[in-house]
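Please read the points in order, with the model open alongside.

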Amino acid sequence: MVMADRPEVQTASAPVTALTVFGLAESMLNGLARVPFRRPWQGPAGLLDNVGQSVTRQTIRSFMGYSMGLPIEEFRSMERILDDVCRVVMPPFIGLTDDVEITDDTIGGVEGIWCRAKASSDAHVEDCDDKQTIGATILYLHGGGYIGTSPIMYSAFAAKLVKITGYEVFIADYRMAPEFPFPAGVHDAADVYRGLLDRDVDADHLVVAGDSGGGGLATSLIKYLHDHDLPKPAAVALFSPEVDLDFNHPSITLNAQSDILPWSLPAAPYLAGVQPNDERVSAVHSMADPEWFPPTFVCWGADEMFRDGIREFAENLGKAGVPVHAMEEAGMFHVFPILMPWAESSKRVFRELHDLAGRHVTPDPDAEPTH
């Protein structure tokens with residue numbers, strides 16, 4: 001369920017939606033027209049990666065800049081159209097490229113989608129020796145700054161995680177701001193977590209992952225689990241997590257020219273009066289302890305606006321004794337493994353994830369698809 005399909009969410013009329021989508025296309029074409037004038041061949045990587053970074057940066061920046069200026073009902077209507085397009089395009093695409101299939105499910109009352117290797121769940125290999133074992137389960141919380149996107153938009157990246165780790169991935173369709181500010185998203189994530197435990201997924205075989213706002217939500221979930229005496233997952237994987245909503249580090253302004261994010265970062269709709277330094281929403285202020293905070297993988301770009309906050313978060317985890325594997329990639333921007341999976345920096349991240357997949361999560365030899 002995309003946010004626009006929730007009964008509490010208002011949407012725009014069809015004519016206004018059409019104009020909104022037309023304006024988005026115009027804005028993105030205008031942004032792409034600027035790429036040749038920004039010397040896209042220059043950068044820290046090879047020619048292909050440098051040009052790819054420049055085109056991706058300008059495309060996403062144009063999209064976000066346009067989207068952030070829309071009334072919320074127009075934003076939701078546009079989001080629904082993008083979700084519909086992804087629902088048509090993504091299943092055959094990831095089936096062809098990664099041999100992964102998508103299925104809908106509701107866990108703990110929260111809708112979402114599963115991404116699984118076809119060889120692990122295809123009926124044709126049910127009784128075959130070639131049936132692939134699912135080693136563990138990833139609860140993935142998608143990004144979008146706590147306000148936008150949907151699970152199907154993240155299916156391509158989730159398919160990469162399936163291929164890299166051999167795990168199954170559930171992308172939760174949690175509620176988002178401004179219609180549902182904090183703590184609605186945390187409660188949804190916690191309901192899915194409890195639902196997975198109720199389906200006999202052992203916490204030792206469960207990984208919580210997320211990017212951007214979803215990465216921040218993942219850390220909020222870990223705090224929630226601790227506060228409510230629920231077992232911690234085996235590990236956490238974070239990609240450019242939004243772990244400091246104060247937005248007061250030097251990188252917020254220093255890297256505004258090189259990142260994909262808009263210079264005016266929106267946090268107020270999600271916080272809805274909660275102080276940005278509250279440890280429930282900004283993990284950089286949380287007093288982590290290895291007793292309740294699981295081993296953590298975190299990566300980010302050296303040129304992203306959240307860089308300093310993520311650095312501090314990773315350092316704090318290490319000082320607290322939490323096993324942490326941190327990767328900062330030179331010349332890269334926010335959530336680069338998702339936006340540029342072909343880049344050498346992203347490939348390094350994927351290789352590390354592959355090596356780390358079995359380090360903190362013990363594969364379950366009896367695991368079956370979590371129905």
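**Note on the chain and selected sites**

1. The model is a predicted one, in which local features need pLDDT of at least 70 and side-chain atom pairs count only at pLDDT 80 or more, while totals for chains, interfaces and linings use all residues. Residues are numbered from 1 along each chain as its sequence is written, and side-chain values use heavy atoms, with hydrogens and water left out.

2. For 371 residues, a compact globule would have a radius of gyration near 21 Å, and the value of 20 Å for the chain agrees with this. That radius is taken over C-alpha atoms, and the globule rule is 2.2 Å times the number of residues to the power 0.38. Along the principal axes, the C-alpha atoms fill a box of roughly 55 × 45 × 45 Å.

3. Of the 371 residues, 55% count as buried, where buried means under 20% relative accessible area, exposed over 50% and partly exposed in between (1.4 Å probe, protein chains only). Among contacts (heavy atoms within 4.5 Å) between residues at least 6 apart in sequence, 77% join residues at least 24 apart.

4. A search of the whole structure finds 11 aromatic pairs. Rings of Phe, Tyr and Trp (its six-membered ring) pair if their centres lie within 6.5 Å; planes under 30 degrees apart count as stacked, over 60 as edge-to-face and the rest as tilted. Phe247 and Phe306 form a stacked pair, with 5.9 Å centre to centre and 10° between the planes. This pair links distant parts of the chain, 59 residues apart: Phe247 lies in the loop between β6 (235–239) and α8 (251–254), and Phe306 in the loop between β7 (296–301) and α10 (307–320). Phe306 is buried, at 7% relative accessible area, and Phe247, a residue other than glycine, has a positive phi near 55°. Elsewhere, ring pairs link Tyr140, Tyr154, Phe157, Phe239, Phe297 and Phe350 into a cluster.

5. What surrounds Met78 beyond residues up to four places away in sequence? Met78 touches Thr20, Leu24, Phe63, Tyr66, Ser67 and Leu70. The residue belongs to helix α3 (residues 72–98) and is buried, with a relative accessible area of 2%. Asp98 also lies in helix α3 and counts as buried at 8% relative accessibility. Neighbours within four places aside, Asp98 is in contact with Ala156, Ala159, Lys160 and Lys163.

6. Val361, in the segment after α12 (344–356), is buried at 3% relative accessible area. Its contacts, leaving aside neighbours within four places in sequence, include Ala136, Tyr167, Asp204 and His205.

7. Some backbone details deserve a look. A cis peptide bond joins Ala177 and Pro178, with omega about 5°, and the bond from Phe182 to Pro183 is cis with omega near 10°. Pro178 is in the loop between β4 (168–172) and α6 (184–198), and Pro183 is placed in the loop between β4 and α6. Tyr146, in the loop between β3 (137–141) and α5 (155–165), has a positive phi near 70° and is buried, at 2% relative accessible area.

Key
Helices (H or I, at least four residues) and strands (E, at least two) are DSSP runs, numbered from the N terminus.
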